[in-house]
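Have the viewer open as you read.

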Amino acid sequence: MRGIFSAVFDVGRARTGAALLLVLWAIAFLMFILVATSAIVGDNALFASNARADIEAWLQARSGLAVAADPSLEAWDPVLRNDRDQQAGFQASVTSESALPNLNTMLLARGEAGHRFLEDLFRLWGMSEGEAEVLVERMADYVDADNAARLNGAESEAYAESGREFAPPNRPFLLAEEAAGVMGADALEALQPGWTDRFTTFSSGAIDLTLAGADVIASATGVSLSMAEDFVSERNGADGLPQTEDDLLPESVEEAMLSLGIDVAGVPVTIDDNIVRIESSGWAGDGSLRIVEVRKRGSVGDSGLLYYREGK
Ligand SMILES: [Ca+2]
Ligand SMILES: [Ca+2]
């Protein structure tokens, strides 16, 4: 197994290596501050120990992010996991953001086809055809520029009548989780808890066939759910798990479509999106922290960063 730091010295990784080195220097500096701070608050040992665990967990999570930013890593590269030390470590993952459908693209840019995609997906999640149609029209009203309600939609008047204290902002969703505020979305939450996590607002809009779920692939391409499940099962390789070394990923859109038994024309899919989601969980003692970043593949620092969140 390769050490974390080997990535710094690999020939051909000089640029990301230099960036990683900077991050590691910053971490070393912060560790120094941490030790100094712990000494200052030494009269409150418990506080110091909790604060230290939290900061160490944060540093571990940041290390995972720095390692995972290397665009040449495979998803199963062992450097993405650092658990050699029982007391502290991290686990990071890099996924294509286009594994998730872009809600704004589907509602605004893709017209009827985008709406049909969402209706099909919501039906696979257990909604009736009528419920799915109504919810998609309400979502479309929420993000389109005007304040004129569609036939089954809902604009500010309907929100006010239902006692809601906010109105559709008539602009694209900033984050997919904002869609939980659409009138009637609670019915979808009951069927598919946490459903907004299955969407994004950051991807190019095409569906990435190397990582998307079977339900998303079926809705995007029109194949049956069982055919999409067979495709995903083949893609996952012998161990049945995604993002492991035995994966059999399609090398072109044509190859993927051939496996699915459908025509390429007119279906917005990809196998190679340049927006990635990096998730890194760090832990140290009782402290733990998870960081999620969405960024342009291979970008470093604030340049190319689209989204950043830290949380437990
Ligand atoms: Ca509107
Ligand atoms: Ca696998």
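Predicted model: local features only at pLDDT ≥ 70, side-chain atom pairs only at ≥ 80, totals over all residues.

Residues are numbered from 1 along each chain as its sequence is written, and chains are lettered from A and ligands numbered from 1 in the order in which they are written.

Q: Why are helix 5 and helix 9 called oblique to each other?
A: Helix 5 (residues 111-124) and helix 9 (residues 214-221) pack at an angle of about 140 degrees. Angles under 35 degrees count as roughly parallel, over 145 as roughly antiparallel and 65 to 115 as roughly perpendicular, with the rest oblique; the pair is therefore oblique. Angles run from 0 to 180 degrees between N-to-C directions, with axes fitted to C-alpha atoms.

Q: Which residues of helix 5 and helix 9 make the contact?
A: Contact asks for C-beta atoms, placed from the backbone, within 7 Å. Phe 117, Asp 120, Leu 121 and Leu 124 of helix 5 meet Asp 215, Val 216, Ala 218, Ser 219 and Ala 220 of helix 9.

Q: How do you know that strand 2 and strand 5 pair?
A: Pairing takes at least two bridges found by DSSP, and strand 2 (residues 88-96) and strand 5 (residues 275-284) have nine, in the antiparallel sense. Gly 89, for one, stands opposite Trp 283 in strand 5.

Q: What makes strand 1 and strand 7 edge strands?
A: In the open sheet, ordered 1-2-5-6-7, strand 1 (81-82) and strand 7 (305-311) each pair on one side only.

Conventions. Helix = DSSP H or I, 4+ residues; strand = E, 2+ residues; numbered from the N terminus. Contact = placed C-beta atoms within 7 Å.
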